[in-house]
Amino acid sequence: MRILPRSLFFRMSLAISISLVVVFGTSSYLMYRIQSDQAIEATKLQAQILTRALKNTIRIGMESGHANSLISIFHTVGALPGVEKMRVFNDDGVILYSAKLSEIGKLTDELDYDTYRKPGPDRSTPFASTSTGHRSFCMVEPIENQPSCRRCHPAGREVLGILDVCLSMEETEKKIESNRLILLSFTGLAILLTSLLNSIMLKRFVSTPVSRLVDTMMSVEAGHLDVKVDLQSGDELGRLGSSFNEMIRKLAEAQAEIERFHHRQLVRADRLASLGEMAAGIAHEIKNPLAGIYGAAQVLAREFPEGDVKREIVEEMMVLIKRLDNTIRDMLNFSRYTEPRFAPGNLNDVIDKVLFLVQQIREGKRAKIVRDFDPAMPEIEMDAEQLKQVFLNLALNALQANPDGCTLTVRTYSEVPAEFEDIKHRNRFVMASIADDGPGIPADRLGKIFQPFFTTKENGTGLGLSMTRKILDMHDGRISAANGPERGAVFSVFLPKEKL
């Protein structure tokens, strides 16, 4: 079940929108992460600076004997925005000083105390705390017992107190969240506006012209050759539309020419059909009296002795009558339509039988017949008897080209050779060629030899090659004629391996 439209416009719009989401989403996420990291690092740095500054202030105040001013400093600095905790606790964790007086005397937070108790430099590094429900960055800094401090403190104490300062991330996190929402909103708006603008431009410059081309092409496919593509732009699609309009114009002209030619052919075919019917009727009426005349001539010839001039005249009459009879027989065969009876068969076998028959006549016995059959010849659907007639006609024509003895070369191919470039899908056809070493066919007659009643022979009827092409047409095959590279004529027959 198709859910999404399959139009080009929808696919390209979807692809562009997905690309924008990926690009803008990734860049916005990276920007959000960078801002968050920068805010965290800034808070850490503030915690370090404030802790170190307070430590120095405490030390100076203690050394100058103004210990009471520390309470005021704690209250003043502790009231600054973002300062969440500011206290000094002793080595046991008891709070000695604090910005919140209520904390004095109580134990400091466990996390802060544990951080102080850790060995190494980690206790002087800001650490995160969530004891207040939000993130805070805290730092514990021991106040060492310096020599200047030993006026008031015993030398045995290494640490006089631990400064504990925490800066709240609450406001910073609110700003980060606010920035995230703003960034997300602008990203969504940017994606929406960019997708909308891209869709408008895509519709204007691509989808609409392509739709017009498709609609026009469908109209042409339906047979309407009076349509045109209305594209006035000078871009590639505009040039494509102009080329398409030119193609339609030429197609319309070609169709008109074909229709005129078809009309002429129909008129000619109708006329030929009428002439054929009339000729067949006349031939039929002539054939029977002609048989009677021939029989009478035979009787009359026997009335004269051998060597008598009258007998020779009568025998010449019999030859002429026989020639008339052959012409009438060919004419009747040509005008008679016989439906082919297709059956699987091998073309090599058909041609081999034909050549055997040819070798039994006088011209065939004088000829040198060369067989070059392709052993990979496949079986094809054909009427073997009709194809025998085809190759018999071609073989007799070749023998008559040089009655005193010619070389007849017959080749078969299971696939049309590559030099026959005008045959498309060569692997779908088999081929046979019959070549002789006679004088060949004059170039001005090559295009006429398949026309009915066209002949260059004194005794020919001009129907043999016409009948040959007619049979091949009924087999969806074709025939071509050419002169050999040195001399002689070459007839090539192409037959489909499977019925078209």
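## Overall dimensions

The radius of gyration is taken here over C-alpha atoms, and the globule rule used for comparison is 2.2 Å times the number of residues to the power 0.38. On that basis a compact globule of 500 residues would come out near 23 Å, whereas the protein has a radius of gyration of 55 Å. Along the principal axes, the C-alpha atoms fill a box of roughly 175 × 50 × 40 Å.

This is a predicted model, in which local features need pLDDT of at least 70 and side-chain atom pairs count only at pLDDT 80 or more, while totals for chains, interfaces and linings use all residues. Residues are numbered from 1 along each chain as its sequence is written, and side-chain values use heavy atoms, with hydrogens and water left out.

## Secondary structure, surface and contacts

The protein has 10 helices and 12 strands, these being DSSP runs numbered from the N terminus (helices: H or I, at least four residues; strands: E, at least two). Its accessible surface comes to about 30800 Å², of which 57% belongs to carbon and sulfur atoms; such areas come from the Shrake-Rupley method with a 1.4 Å probe, and for residues only the protein chains shown count as cover.

Of the 500 residues, 33% are buried, where buried means under 20% relative accessible area, exposed means over 50%, and partly exposed lies in between (1.4 Å probe, protein chains only). Among contacts (heavy atoms within 4.5 Å) between residues at least 6 apart in sequence, 64% join residues at least 24 apart.

## The disulfide

With a disulfide defined as a pair of cysteine sulfur atoms within 2.5 Å, the count comes to one. The bond joins cysteine 138 to cysteine 166, with an S to S distance of 1.9 Å. The pair links distant parts of the chain, since cysteine 138 is in strand E4 (residues 136-144) and cysteine 166 is in strand E5 (residues 159-168), 28 residues apart.

The torsion about the S-S bond of cysteine 138 and cysteine 166 is about 115°, and the disulfide is therefore right-handed. Both cysteine 138 and cysteine 166 are buried. Cysteine 406 also counts as buried, at 2% relative accessibility.

## Threonine 187

Threonine 187 is placed in helix H4, which covers residues 170-221, and with a relative accessible area of 10% this threonine is buried. When residues up to four places away in sequence are not counted, threonine 187 touches Phe24, Gly25 and Ser28.

With serine 28 there is also a side-chain to side-chain polar contact from threonine 187, at 2.5 Å. A polar contact is a pair of N or O atoms within 3.5 Å; within protein, one must be able to donate a hydrogen and the other to accept it, and residues adjacent in sequence count only if both atoms are side-chain atoms.
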